[in-house]
Amino acid sequence: MAQWEMLQNLDSPFQDQLHELYSNSLLPMDVRQHLAVWIEDQNWQEAALGNDAAMANMLFFHFLDQLNSECGRCSQDSEYFLLQHNLRKFYRDIQALPTGSTQLAEMIFNLLLEEKRILTWAQRAQLEQQEPAPEAPGESQQHELDSRILKLQAMKEKLVKSISQLKDQQDVFCFRYNIEKSVRTPSLDPRQTRQMDILQETLNELDRQRKEVLDASKALLGQLTTLIELLLPKLEEWKVQQQKACIGAPPVGGLEQLEKWFTDGAKLLFHLRQLLKELKELSHMVSYQGDPLNKGVDLREAQVTELLQRLLHRAFVVESQPCMPQTLHRPLILKTGSKFTVRTRLLVRLQEGNESLTAEVSVDRNSPKSQGFRKFNILTSNQKTLTPEKGQTQGLIWDFGYLTLVEQRSGGSGKGNSKGPLSVTEELHIISFTVKYTFQGLKQELTTDTLPVVIISNMNQLSIAWASVLWFNLLSSNPQDQQFFSNPPKAPWNLLGPALSWQFSSYVNRGLDSDQLGMLRDKLFGQNSKTEGASLSWVDFIKRESPPGKLPFWTWLDKILDLVHDHLKDLWKDGRIMGFVSRNQVRRLLKKTVSGTFLLRFSETLEGGITCSWVEHQDDDEVLINSVQPFTKEVLQSLPLTKIISQYQMLTEENIPENPLRFLYPRIPRDEAFGCYSQEKINPEERKKYLKHKLIFVSNRQVDELQQLPELKLEPELESLGFTSGPEHGPGLDLEPLLEAGLDLSMEPTLERTLERTLGEVSQGVLEPHPGPQLQLEPIPELDVQAMPEPDLPYDLRHLNTEDMEIFRNSMRIEEIMPNGDPLLPCQNTMDEADVFSPSHFYADGPLSPSDY
């Protein structure tokens with residue numbers, strides 16, 4: 001239907017020519033359009049120009065069947081009433097033709113030829129009208145290939161005409177030769193001599209035409225070879241783009257254009273192959289000394305067959321790489337026992353009318369011989385059959401939608417042996433597909449392979465498996481190298497940086513800018529490293545733990561990616577989150593802004609955490625940069641970050657709550673930046689029954705209040721909804737044994753810039769702070785279980801009975817209870833750590849402390 005579709009897109013003058021063509025034709029235009037696919041797929045040329053009437057008769061009766069069946073379908077829908085009428089009329093008209101089959105074939109062949117002529121003129125006119133303005137390389141190459149194919153089709157038509165003339169000339173020679181042979185006498189009759197001269201001239205003309213036809217076939221073959229040499233790099237380019245798209249690069253275009261070019265090239269080659277067979281038959285009928293067809297035809301036929309085989313083998317491709325439905329954003333990772341999909345396509349869309357094509361799938365056809373390499377079988381059916389009907393409508397596509405892998409058992413029992421030199425997530429497996437293809441007597445076994453896949457047995461391995469897929473497809477020059485991770489190469493930053501950005505652009509709809517990539521580069525290589533020539537090893541990327549936080553780089557980044565996708569996608573897409581920015585850079589950015597300016601950045605020490613940092617200018621010109629304890633997915637599941645920001649409260653020295661977050665960096669008002677994300681729907685009926693309530697996060701600015709445990713503030717109405725109050729401990733803080741022992745606890749009054757948040761719930765915005773007693777923490781060498789209760793302790797702990805507690809029965813020492821010394825409170829720093837810059841691929845801005853997020 002490609003030709004008819006192109007005709008419909010022509011300019012008005014050429015469409016007028018098309019209307020004029022069909023106004024004088026027996027074939028109605030709407031019938032031509034309705035049966036466009038079937039009409040263009042038939043060999044009308046052979047039926048019209050060939051000597052065998054069987055082909056014309058076969059097409060004639062097939063056409064009648066098509067008209068009859070389509071007429072039956074149209075009768076079921078009143079919208080096709082006019083089309084049904086034209087189908088019936090044409091059905092009767094062609095049956096009334098004197099020589100129905102031949103006239104029908106000649107009519108349609110001439111119509112298709114005229115359509116091609118109109119199309120060619122239109123394309124030439126379009127090229128002439130176009131200015132020599134610079135056009136995209138892809139478009140110019142597409143025009144070049146289209147024009148080449150049109151030129152080749154014209155050369156083929158000319159060759160067909162030349163062979164037809166050659167057949168006529170050979171018939172004339174055979175006729176004269178037979179006449180001369182029957183009347184030949186030994187006398188030297190001048191008439192007979194003249195007849196012999198005419199016969200010799202006829203033979204000379206036959207020889208000349210044979211040489212011309214052979215030269216024309218040679219020229220056509222040469223042009224077809226050039227066309228294939230242009231098409232194959234196009235396919236390789238598509239495969240490279242597909243490989244990059246699998247790891248997050250912009251998606252690759254479809255195969256429809258390549259399929260059209262490959263199919264047109266294959267049609268020309270198959271037609272040339274048939275023409276060469278006709279020439280061989282002519283040579284067998286009439287042969288003479290010095291006949292150019294004796295050796296020339298066999299040589300051309302061998303070259304055409306070789307070119308066809310090359311084209312067919314390369315045209316069988318994997319259109320969609322293996323992927324599980326639950327992890328569409330991460331293809332090439334399969335889990336044993338889970339279904340996955342994969343699609344293959346033969347770009348040469350030619351199939352015998354009665355020949356079904358079956359594709360068979362296998363795993364690791366040529367698996368490595370290394371010890372411990374796992375082997376897998378296809379648990380479900382490993383075959384897919386494509387009928388001619390489906391192939392004609394959808395193309396030669398084998399869509400495997402329910403494949404499942406199962407690991408082979410070693411020794412007949414137990415699980416397969418996976419103890420090899422490579423880990424499970426570094427093993428690469430290849431899935432292969434085989435099709436036995438037959439067309440016009442040419443039989444070929446076609447094979448194609450997927451990109452290497454990683455097969456896991458547990459979804460916990462998904463993150464590391466994706467790192468393997470990313471590293472392989474970014475760096476491997478051989479897509480079939482299953483031993484890639486035996487010695488994985490280093491990744492240069494100019495390749496790794498864009499690949500990291502692809503992870504965000506493909507999964508959360510926004511990539512990383514130059515500043516964010518710069519922060520990641522400094523984290524990997526250090527601030528003083530040179531970007532040129534910087535490269536990262538596979539071990540440093542995935543396995544080696546380094547400060548800060550002792551998190552592998554990929555684990556840290558992948559957790560952030562999941563956090564953004566699950567809870568922060570809109571904010572990230574709209575650029576509200578700065579994300580990847582170091583603590584030093586935060587200070588440099590915020591200290592030049594007004595008080596209350598804040599930004600959102602990812603924690604460098606927690607897995608999947610985001611924090612808010614803001615600036616405060618003191619009266620003495622001191623600049624304070626505050627950061628709240630990072631929010632993780634557990635917190636954001638209960639309360640969106642937009643609500644946390646809009647409702648965040650900090651208690652002043654007078655216990656008055658206020659929101660210190662006023663402007664999103666550089667100076668966007670908070671409500672303007674986040675108001676569109678936190679619009680709530682109010683149910684009037686519910687509003688009548690209950691007071692409105694909301695969850696908020698509260699940070700305490702007062703020194704004595706910073707030193708108390710966070711507590712959940714509940715209003716009476718909320719208690720009726722099932723909320724219970726209780727202490728919420730900060731990270732690494734466990735005071736229970738000390739309180740039970742009746743210890744005198746206190747804190748040094750130091751204000752830390754990382755504020756510990758407290759989750760509270762208030763009704764109608766009413767906040768009632770509950771400051772706790774001041775706690776003093778002093779070193780205690782020994783524990784005295786009979787000591788009098790400290791008056792500074794809360795009332796419920798002053799008379800705590802410790803006699804029945806096991807840890808106090810044998811006068812245990814405090815060193816036995818807390819062998820690592822006193823616990824660190826959230827406001828304390830570990831000053832005994834060395835203040836050094838880390839030379840590893842993680843770069844620390846300063847001394848690591850529990851308060852650095």
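## A serine and its polar partners

The model discussed here is predicted. Which backbone nitrogen lies 3.2 Å from a polar atom of the side chain of Ser603? The backbone nitrogen in question belongs to Thr605, and the side chain of Ser603 also reaches the backbone nitrogen of Leu606, at 3.1 Å.

Ser603 is found in the loop that runs between strand S13, residues 597-602, and strand S14, residues 609-617. Because its relative accessible area is 0%, and buried means under 20%, Ser603 counts as buried.

## The chain as a whole

The chain has 853 residues, of which 46% count as buried, and its secondary structure comes to 29 helices and 25 strands.

## Confidence in the model

The average pLDDT of the chain is 77, and 74% of the residues score at least 70. Over residues 131-135, pLDDT stays under 50, and the model has two contacts beyond four places in sequence for this stretch.

For residues 702-753, pLDDT likewise stays under 50, and here the model has 136 contacts beyond four places in sequence.

Notes:
Residues are numbered from 1 along each chain as its sequence is written. This is a predicted model: local features need pLDDT of at least 70, side-chain atom pairs count only at pLDDT 80 or more; totals for chains, interfaces and linings use all residues. Side-chain values use heavy atoms; hydrogens and water are left out. Helices (H or I, at least four residues) and strands (E, at least two) are DSSP runs, numbered from the N terminus. Buried means under 20% relative accessible area, exposed over 50%, partly exposed in between (1.4 Å probe, protein chains only). A polar contact is a pair of N or O atoms within 3.5 Å; within protein, one must be able to donate a hydrogen and the other to accept it, and residues adjacent in sequence count only if both atoms are side-chain atoms. pLDDT is the predictor's confidence in each residue, from 0 to 100. Contact means heavy atoms within 4.5 Å.
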